[in-house]
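Hi,

Here is the structure I said I would pass on.

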Amino acid sequence: MPFPGLPADFLWGVASAAYQVEGAVDEGGRARSVWDTFCAEPGKIRDGHTGAIATDHYHRYREDVALLRDLGVGAYRFSVSWPRVMPAGKVNPTGLDFYDRLVDELVEAGIAPAITLFHWDTPQSVEDAGGWLERDTTERFADYAAVVAERLKDRVALWMPLNEPVVVTMFGYALGNHAPGKSLGFGALPVVHHLLLGHGRAVQALRAAGCTGIGIANNHGPVWSETDSEVDANAAETYDTIVNRLFAESVLLGTYPAPELAAAMPGPVVEDLKVISEPLDFYGVNYYQPTLIGGSTSDTGEVEGAMLPPGLPFAPRPITGYPTTDFGWPIVPDGLRETVATLVERYGDALPPLYITESGCSYHDPDPVDGRVPDPDRIAYHDGHLRALAEAVAAGADVRGYFAWSATDNFEWAAGYRERFGLVHIDYDTQRRTPKDSYHWYRQVVS
């Protein structure tokens, strides 16, 4: 074991998401998603890129699974496209068949399928009916979960109804720099409740179908106060409550972390929280970076290119003193250890076993030369984060696996194809796949 402290049966994986890799947006009966609509709006995506072709995984999945088999990973985390499986609310057999074939291919290769049911690609028809602002969407999502579970339950090892509901809420509905592009500010709080309620109802649907290995993939990271002042400390606590505790405590404890947040949620909140907190078999953590927070000033700061509205009681500040990725994100491996340690300390026995369901970095890698793509910074990133994770495990955290983001380069949402996170390089003109040095390094780690 190259990282002492990690258990011998540690699960090594890689991850992707449907809209970021599949392409084929107009094939096989797939309906339009909010991301198709958002990408068509001028100026929303860097360089006018879209996910219409992406890495063409829909047609090349056998080639991609072969790369995963050669990589030696034990699991592949991918998402199912809701608009491909249930366009206009009805089952699309062709779409469901694609995932059936993909799962079979993975199983035959000795790779455990780990499915995310919702990685941000809401069907446009559902959004047109109100999307995650409406309670009815939770019922539609549960119906979709039941359909996927019934077809794939016998072969899927891990299930995650949601990926990063905080990102959907913040960037999609509060700030507007992700699909569906709404700028509602705190008016987006109903989205939180409905996403979480949808998660709980999907968990119930998965359990009813006989599925096991059910969890969630929540984005978490440390929140640091800019100074020791009371203003900054309170600002950091508020931000931590909104981006971390709101999405953890509802799922793990069946409560919202502040009375004013509970009061802002729609519907019978107390009863809904019983559904939201359906018991989980694991808790997934997506970790990328810490956030430095100061008290609000006229300069409210920005989050991933989205300017925060004025008047908030907190403002993100630049983190200095650490190297950064080419995406501009600070590289803080110990933040992963801190994140895991905080979850363990806060939730104790209520915290199920953990998986790191995403961690990764973007570098503007060179084009392949003689079949090689050197990416030493990516290797250093994963090495450092795995060493930090091993420290958390050695300190007593029950962490069962690590999924590197991402398997291949892909469509990076509003950043288009500029940012490359993959262990495998994609030439978007030819769709040629070239394993990077990080792929070969990770294969050695896995083996």
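**What lines the cavities**

Let's start with the lining of the largest cavity: by class, it has nine nonpolar, four polar and one charged residues. Keep in mind that this is a predicted model.

How did I go looking for gaps? Rolling a probe the size of a water molecule over the atoms shows where empty space is left. Searching the whole structure this way turns up four cavities of 30 Å³ or more.

The largest cavity holds about 120 Å³ of space. It is lined by 14 residues, and the closest to its centre are Asp64, Leu68, Tyr76, Ala407 and Thr408. Which helix gives the most to this lining? That would be helix 3 (residues 57-71), which puts in five residues.

Now for the second largest cavity, with about 60 Å³ of space. Here 13 residues make up the lining, and Trp35, Trp120, Val168, Ala179 and Pro180 are the ones closest to the centre. Two or more lining residues come from each of helix 2 (34-39) and helix 8 (165-175). Helix 8 has the largest share, at four residues.

And what classes of residue line the second largest cavity? Ten are nonpolar, three are polar and none are charged. For the largest cavity, remember, the lining does have one charged residue.

Cheers

Methods. Residues are numbered from 1 along each chain as its sequence is written. This is a predicted model: local features need pLDDT of at least 70, side-chain atom pairs count only at pLDDT 80 or more; totals for chains, interfaces and linings use all residues. Side-chain values use heavy atoms; hydrogens and water are left out. On a 1 Å grid over the protein atoms alone, a cavity is a set of points where a 1.4 Å probe fits but cannot get out, and a pocket is an open set with protein on both sides within 12 Å along at least five of seven lines; lining residues have an atom within 4 Å of a point. Grid points are joined across faces, edges and corners, and a volume is the space filled by probe spheres set on the points. Ala, Val, Leu, Ile, Met, Phe, Trp, Tyr, Cys and Pro count as nonpolar, Asp, Glu, Lys and Arg as charged, and the others, Gly among them, as polar.
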